[in-house]
Amino acid sequence: MPATPAWPPKSLPRLFVRQPLSAGGRIELDARQANYLGNVLRLKEGAELLVFDGSTGEWLARISDAAKKRMALRVERQTREPETIPDVWLAFAPVKRTRIDWLVEKATELGAARLVPIITHRTVAERVKLERLEAIAIEAAEQCGRTRLPDIVEPLPLRLFLQQLDAKRTLYFADEAGSEPAAHTFRSGPALILVGPEGGFTDEERSAIRAAPTGVAISLGPRILRAETAALASLAAYMAVAGDWR
Ligand code: SAM
């Protein structure tokens, strides 16, 4: 048991707020958040919680006003600096709704900085509701202790995605057709992991990806993984190699 118990206690509720945070600041919560703190957690004026705004780190706040459907917080002091984690983006072909929700939740927990839905020839779900995915990412970040949210961008056709590749970011292409083991291939530095649709990439798509100047093919082992499993396995392996788990 450490001499001084950890401060702030891990059990304090955590909320993402859209207003920028600073010491002494006043934050008006939206009706959903006010209901959650007031009616679900039954917190009263004076109660403490943690808040983050996605860019300035984490802050200790206290409920200053609580009315039926309205609640305000007073921001007291910063408790954590903004997170500094390996810079990795995940590009994936949208799968069915429940599985994409699960993928977004887990990729947020694992520390992805950006999520890029990619439309490929065999992509099943063309439309993704970004608002719903953002709400899932917010809840996952609140629960796992992140201080920033992954950016979730509009779906991109694979052709455009390949045209817009950033020369400073290594493209790790998860290719079940065989390549070097991911754990031996990952290098720290800005990364972009690309995982294919359930039906896989077409040969034409595969050659276009393999021709990308920043591209490196990676293998995730001898078994054919489901798309969302491959996405999370590669993200976890990258984070382990890049030092996020130290
Ligand atoms: N094309 C395959 C097929 O024959 O149906 C399966 C595609 S797999 C379900 C979906 C995606 O996960 C693949 O496009 C690839 O990006 C990734 N993947 C699955 N298993 C993999 C492995 N063992 N190594 C590398 N990538 C893998």
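**Entry 1: a salt bridge**

I began with E48, which pairs with R62 in a salt bridge whose closest N and O atoms are 3.0 Å apart. I then looked up where the two partners sit: E48 belongs to strand 3 (residues 48-52) and R62 to strand 4 (residues 58-66). They are 14 residues apart, so I noted the pair as a link between distant parts of the chain. A reminder to myself: this is a predicted model.

How many salt bridges are there by this rule? I got a count of 22.

**Entry 2: around the ligand**

Next I turned to the ligand and asked which residues come nearest. The shell has 18 residues, and A174, E176, L220, G221 and R223 are the nearest of them. Sorting the shell by class, I found nine nonpolar, five polar and four charged residues.

**Entry 3: polar atoms at the ligand**

I checked E176 again and found an N or O atom of its side chain 2.7 Å from a nitrogen atom of the ligand. For G221 I noted a backbone N or O atom 2.9 Å from a ligand nitrogen. G196 also uses a backbone N or O atom, lying 2.9 Å from an oxygen atom of the ligand. I then looked up the area: the ligand taken alone exposes 570 Å², and the protein buries 84% of that.

**Entry 4: the pocket**

Where does the ligand sit? I found it in the second largest pocket. Strand 13 (215-219) and helix 7 (227-241) are the elements that give two or more residues to the shell around the ligand.

Notes. Residues numbered from 1 in each chain as written. Predicted model: local features only at pLDDT ≥ 70, side-chain atom pairs only at ≥ 80, totals over all residues. Heavy atoms only, no water. Near = heavy atom within 4 Å. Polar contact = N/O pair within 3.5 Å; in protein donor to acceptor, adjacent residues only side chain to side chain. Areas by Shrake-Rupley, 256 points an atom, 1.4 Å probe, with all protein chains shown as cover. 1 Å grid on protein atoms, 1.4 Å probe; cavity = no way out; pocket = protein on both sides within 12 Å on 5 of 7 lines; lining within 4 Å. Sits in = over half its atoms within 2 Å of the grid points. Helix = DSSP H or I, 4+ residues; strand = E, 2+ residues; numbered from the N terminus. Nonpolar A, V, L, I, M, F, W, Y, C, P; charged D, E, K, R; others polar. Salt bridge = Lys/Arg side-chain N within 4 Å of Asp/Glu carboxyl O.
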